[in-house]
Amino acid sequence: MSRDASVEPLKAEVLEDQPLLDIPEPFDSKADYKADMPIAVDFGSFNVRAGFVNQAKPSHVFRNELTRYRDRKLAQTFTFIGNDTLLDQTVMSQAKSPFDGSLVTNWDYVEEIMEYTFNHLGVVPDDGIKNPLIINEKLACIQSQRNNWYQVLFETFNIPKVAFGIDTLFSYYAHNEMSSDGLVIGCGNHDTNVVPIVNGKAYLTETKRINWGGSQAVDFLTDVMTLKYPYFPTKLTNYQYRKMYQDYCYVSPNYGEEVSKYLTLDNLVNKNVVVEAPFTEIIQPQKTEEELRIQAEKRKENGKRLQEQAKQKRLEKLVQKTEEFEYFSKIKEQLVDQPKKTVLSILQNAGFDDERDFKKYMYNLEKSLKKAQIIETDKDDEENDDVEAKFDLLEIEDSKLDEEQLKEKRKQKFLKASFDARQKAKEEKARVAKEEEEARKKEEEWRKTNLSDWVKDKRGKLAVLVKKRKDKVKLKTDMKDRKSQASQKRMKNLANLAEDTPQSGSKRSRHQATIDNDPNDTFGANDDDWAVYNDVAQNPEILDELIEEDYRQIVELESQLLEFDPNFTEEDTLDAQYDWRNSILHLFLRGPAPHDSENVHEQHQMHLNVERIRVPEILFQPSIGGLDQAGVSELCETILLRKFNSKPSVLSQSALNMANNTWITGGNSRIPGMRERIVKEFTQFLPSNTPITINQSSNASLDAWLGMRKLGNNNTIFDASAITKKEYEEYGADYIKEHKLGNINYFD
Amino acid sequence: MNNNNTRTNDERSEFLSGIAAMNVLEQPMRRAQIDILKEGGPAALAAALQRPKKKNNRRHKGARQILSDETKRINAILEQEQQKHEEDPAYVRRVPQVTTFNVSAPPSVRPVKHYCDITGLSGPYTSPTNNIRYHNSEIFQFIVKPMTPGVDQEYLKLRGANFVLK
């Protein structure tokens, strides 16, 4: 297609799998260790962030994963944690998280990971860990989860004092004072929380959680892409899909509007992203010219030999057939003027049933002989056109010839016949060529003298052809459907024809009627009757050929029109009407460029387009992801307009403060466009001129740890928030120490 | 740069055991190990570390199990409160304040928008045979109509509309 030549091939980003690391997780120096310095651990379901609170940022950030690796040779089991799992391919692929969804399910892993964390922080144990600890837990943490944490921290590690808090609140606290009003949207890995805060205290009773986070988004993207490309040659890893989500997805400022024009050429030129799975390309070894030449020669020689063999065989067969024909011709001559009985006996001696059988045989023999001669003629056309074979023996009577000469004569006879046939075929060819030439000339003249008529005629023919083809295509699809009218009719016809007693004809004669003499059978009296065989014979394969034939004719007509009709352009051709530019599906699957299914690179490419906004949109419309929950902005709207003594028309002071101090935190909030979208939603549902401030820190995933650090550095608040080992032993595992950053008791 | 994949098996083994050795503690941190050290000395601890760990089944519960246990726990408390109230009408029952269940966001009250299950564009039509929503006739003709029964469920699963056999 000429128009496609101008389309530049799309640039593809190669999507590498997780790179292996070279250096294991470093150890902090034990020299600086202070036993009373609180340790802050953000034990997230994705990453662990850990450090002493006197550090500016966590000194260790690593994936919350663990691999137990058994070395068979050494017969030893090693445990690798966090970044150390990324040192080796096998170890990496076997890494498991202590989490199942948002809940911790493997507490042995938790113990191992905590120990590893302390060890890397340079903690010197002294009958357990002497440092106070700040750790996060889920909003409305399940009691058994907290019990297990108590056990691990107080009993296993013997930690004197632990402050538990909600990560979303820690994130808020990192940037705000303990007495401020605000609203936090915490976008976590497994859930998203919306928390109102009044006077520094989180109103957990008004807090809502959407069960959707980064990991669900990545899973959703994985499902969407595997359904989009069901025959994708390689399987991408979770890491690669996460990369896709992080690098290319964004929150649309106005989803409804953007999605409606997403799959248009203009938009896709900017928004379509092509990612390519890495693969090893198999390069066919290039043969040298010399090798190719030898190969070609060999092939040619082989072909020639085979041709000669075949020719020899054909000739032998022909001679045999000619002999046969002559023999039977003699018999035929004998039959002339004989009584019927003698004829029959002669024929039966020769191996025939009766005269009819004999005639049929002769007819067939003659036919095949003629056919063979014509083939032979075509084959020999070039070779021995000029060779005037000798036909000298033909004139001489058989009786005057000896055995050898007789054979030669037969051969000459055959050659003569084939020569004649050849001449005839040549004449025929010349005649056809002449007729064609004449027709062409006539047409050209017509075109030159009266272009508009010519165009009209051609266009009319084209329209008819296109319609015919369309009908056939429709018939073909109908044929595939067993229930369609076309195939039902066909089955009916087949059944009717196969039946011994056709249903047609109301009155049947008593006497036995065969297919030949049934007086009631008027089939064939009307010429249209025969069309039934046409209908029956219509199967998809034959239709395919017919459609192909139509298409050839259409293309030929179109090329003529393209040349001479000034009003007929590429746009009007049949091909243009099936153009990928007009196909939503093509744009969706292959982007704004033609697709070459032979290209190995294109086979390994995925196009991200609507998915880029569809996946993050689930936070705002959870129904897209199959969640029967309200979206982020709806939850904010409820809190700001209907709670804390607010009315949709008049906002309370707390609600005004919240709208003016809203924070978006958490790793999943790093998706581009998040803040802009929240601003837009807020302006939409809040009364006009309500001051809005939406904040987002530059490194949202660190916010929680920074909040922990702030708490650890404020001794009075820390002491008031932390639960000591003594308190744990005194009050038991059900004890919750309520404070501004933590969970509260389950019951009021 | 990275030679992790070019190592021979022996080199790899050595490398990995080296990493593991770096992470061996100088002094134990966990109560159980500290106790072993106090009683039997370093040799006993080293032996204990090599022993395969006992499976502690109490701790390995799936997320589903944990959630249903929490429901049971809360229901038990509610029942208890009810009983106390029946015995003494003056008793004020405690009500759930914040549990993992009541912080879950309620269903949306906004009208649910329909999107094409295949492309994600607007989805004004629904296939009568398998309930797939689709954007236009082209998508119906090439994707929805020839869809095999398993695949339609996969698509419906995306928006939680698939059939779940229980």
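Which residue in β15(A) does V14(A) stand opposite?

Modeller: The residue opposite V14(A) is E276(A), in β15(A). Before going further, please note that this is a predicted model, in which local features need pLDDT of at least 70 and side-chain atom pairs count only at pLDDT 80 or more, whereas totals for chains, interfaces and linings use all residues. Residues are numbered from 1 along each chain as its sequence is written, chains are lettered from A and ligands numbered from 1 in the order in which they are written, and side-chain values use heavy atoms, with hydrogens and water left out.

The strand β15(A) covers residues 273-276, and three bridges join β1(A) to β15(A) in the parallel sense. Strands are DSSP runs of E with at least two residues, and helices are runs of H or I with at least four, numbered from the N terminus. Two strands count as paired if DSSP finds at least two bridges between them. In general, strands of a sheet pair through backbone hydrogen bonds, either parallel or antiparallel.

The sheet in question is open and has three strands in the order β1-β15-β16 of chain A, with mixed pairing. Its edges are β1 (12-14) and β16 (605-608) of chain A, each of which pairs on one side only. From one strand to the next, the twist averages 35°. Helix α6 of chain A, residues 238-248, lies across β1, β15 and β16 of chain A and runs at about 35° to β16(A). Such angles run from 0 to 180 degrees between N-to-C directions, with axes as lines fitted to C-alpha atoms, for helices over the stretch in contact; contact itself means heavy atoms within 4.5 Å.

Chain A also holds an open sheet of six strands, ordered β4-β3-β2-β9-β10-β19, again with mixed pairing. Here the edge strands are β4 (60-63) and β19 (723-724) of chain A, and each pairs on one side only. Within this sheet, β9(A) and β10(A), residues 161-166, pair in the parallel sense over five bridges. V162(A) in β10(A) is the bridge partner of L133(A). Helix α4 of chain A, residues 167-175, packs on the sheet and touches β9 and β10 of chain A, its direction making about 90° with that of β10(A). Helix α2(A) lies across β2 (39-43), β3 (47-52), β4 and β9 of chain A, and it runs at about 140° to β2(A).

The charged pairs come next.

Another salt bridge joins R31(B) to D127(A), with the closest N and O atoms 3.8 Å apart. This pair crosses between chains, from helix α2 (residues 31-50) of chain B to the loop between α2 (107-120) and β9 (133-137) of chain A. R31(B) is partly exposed at 26% relative accessible area, and D127(A) is partly exposed at 33%. A network of salt bridges links R68(A), E111(A), E112(A), E115(A) and R30(B).

In helix α23 of chain A, residues 674-685, E681(A) and R677(A) are separated by about one helical turn because they are four residues apart. Their closest N and O atoms lie 2.8 Å apart in a salt bridge, and both residues are buried.

In chain B, E81(B) is found in helix α3, residues 63-87. E81(B) is buried, at 2% relative accessibility. Apart from its neighbours within four places in sequence, E81(B) is in contact with Y91(B), V92(B), R93(B) and R94(B).

N199(A), although not a glycine, has a positive phi of about 55°; it sits in the loop between β12 (192-198) and β13 (201-202) of chain A. N131(B), also not a glycine, has a positive phi of about 65° and is placed in the loop between β1 (125-126) and β2 (133-134) of chain B.

Definitions and conventions. Salt bridge = Lys/Arg side-chain N within 4 Å of Asp/Glu carboxyl O. Buried < 20%, exposed > 50% of the residue type's maximum accessible area, 1.4 Å probe, protein only.
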